[in-house]
Amino acid sequence: MTLSETLTSVYENRNLIKAVFSSRRKKSEECRKVTVKPLLIKGEYIYQAEYTYEKKVIHKNFPEDEFPIFCESLIDTYRQAYIFTESEEIQILASKPGNPRIRTRKTEVRKADLSHNRDRNYLIAEGIPCDFLIHLGVMTKDGQVKHRHYSKFRQINRFLETVDDVYDRLPNDRPVKIIDFGCGKSYLTFALYYYLHILRGRDVEITGLDLKEDVIDFCSRTACELGYDGLSFLMGDIADYKDDSADMVVTLHACDTATDFALINAVKWNTKVILSVPCCQHELFSQIENEVMNPMLRHGIIRDKFTELLTDGLRALKLEEMGYRVDMIEFTSQEHTAKNIMMRAVKGMPYKKKMIQAGREYEALKEAFGVHPAIDLMRKE
């Protein structure tokens, strides 16, 4: 079927769950993605387009009969689309707008929710069976999220939203190479593979690294059973890992200085994207000295919390000095884990003077508190 025929079929069958258009042809600060979903308002079947920008989201409703031409027009702006219907997943790859490739896969039958005030749309939708989530016990075979694992389901989707935000910074002319330091049971590593390879159709080389032999055995066996050929797991220490390249480095809850060594490796490899959720920042706890703040820092619980902030603040400045744009974002809710701040670093600081300024601020902050963090080992290559 042609693109026009595919969209007309979805329109005529009224079976859309949602359609997501992403990977903008021209990189800019404009809309990153558009999500289209059906709604039933006052008995009228319509569609709503959700435009996602860097710092805002805009909604626009349009009539039912405009669906095919509206979606076809989006292909002029976005290189790919994923259309989820009640019985199919349709992938549209349009590197050339006039000649898109269309792939269709049958799924379990699911009814669209047409209510206006429904739950948010996730990249991995509830109600659509997802192989790795079923295998890891998060979903039932019919795609329903198990109640006790709903926080994990939300965390996985929040992580993928963060990856989706930086997707355009990854190479598009070769397999994407990713290292996940301290992968643990690897819910998010499997999610990363699912998002990039299955949803995005990209070839990937993802390596999960962890110190626990039983964890690596479990993850390797799971990847084999799922047929995730581009995903492998190795046992080893972050500080000793030897490689020469990575497009993305992920380090989630790596303890104390393990986060520093992951960041150091990432910068050494000129990694384009770094996603880090630090944990157990103890290194500077006994080092901190500041005459003005010492009366406050003598309280252990305050000193501990301040150590976390200082450690991560220094890491962010060091990354900025190395040429990265750094954002601190909330990774997941506090009820799931107290360690919920993600450091998202993307290579491409535009101004040399900002890098120099970050380096000066880093040194000044170190001197103010008399500390010597492990991240000092980070050097420009």
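Predicted model: local features only at pLDDT ≥ 70, side-chain atom pairs only at ≥ 80, totals over all residues.
Helix α10 comprises the 18 residues 352–369. At 1.5 Å a residue, a helix of 18 residues should span 26 Å, and the end C-alpha atoms of α10 are 27 Å apart, which agrees with that expectation. The buried residues of α10 are M355, A358, G359, Y362, K366 and F369. Because these residues cover an arc of only 115 degrees around the axis, they are placed on the same side of α10. An α-helix has 3.6 residues a turn, so residues three or four places apart point the same way. The other side of α10 carries K353, R360 and E367, which are exposed.

The buried residues of α10 pack against α9, which spans residues 300–321. The axes of these two helices, α9 and α10, come within 7 Å and cross at roughly 150 degrees. Since angles over 145 degrees count as roughly antiparallel, α9 and α10 are therefore roughly antiparallel to each other. The crossing of α9 and α10 is left-handed. On the α9 side, the contact involves F306, L310, L314, L317, K318, E320 and E321. Their counterparts in α10 are M355, A358, G359, E361, Y362, L365, K366 and F369.

Helix α1 is followed by R14, whose phi is positive, near 50 degrees. R14 lies in the loop between α1 and β1 and, at 44% relative accessibility, counts as partly exposed. Most residues other than glycine have a negative phi. R14 is a residue other than glycine with a positive value, and N270 is likewise a residue other than glycine with a positive phi, near 60 degrees. The position of N270 is in the loop between α7 (257–268) and β12 (273–279). With a relative accessible area of 37%, N270 is partly exposed.

T207 belongs to strand β9, residues 204–210. Its relative accessible area is 13%, and T207 is therefore buried, the cut-off being under 20%. Beyond residues up to four places away in sequence, T207 touches I178, I179, D180, S232, L234 and Y241.

Y187 is located in helix α5, residues 187–199. Y187 counts as buried because its relative accessibility is 14%. When residues up to four places away in sequence are not counted, Y187 touches F132, L136, V138, K152 and I156. One of these contacts, L136, is 51 residues from Y187 along the chain, and the C-alpha atoms of Y187 and L136 are separated by 7.7 Å.

Terms used. Residues numbered from 1 in each chain as written. Heavy atoms only, no water. Helix = DSSP H or I, 4+ residues; strand = E, 2+ residues; numbered from the N terminus. Expected span 1.5 Å × (residues − 1). Buried < 20%, exposed > 50% of the residue type's maximum accessible area, 1.4 Å probe, protein only. Arc of directions from axis to C-beta. Contact = heavy atoms within 4.5 Å. Axes fitted to C-alpha atoms, helices over the stretch in contact; angles between N-to-C directions. Parallel < 35°, antiparallel > 145°, perpendicular 65-115°, else oblique. Left-handed = near helix turned anticlockwise from the far one by under 90°.
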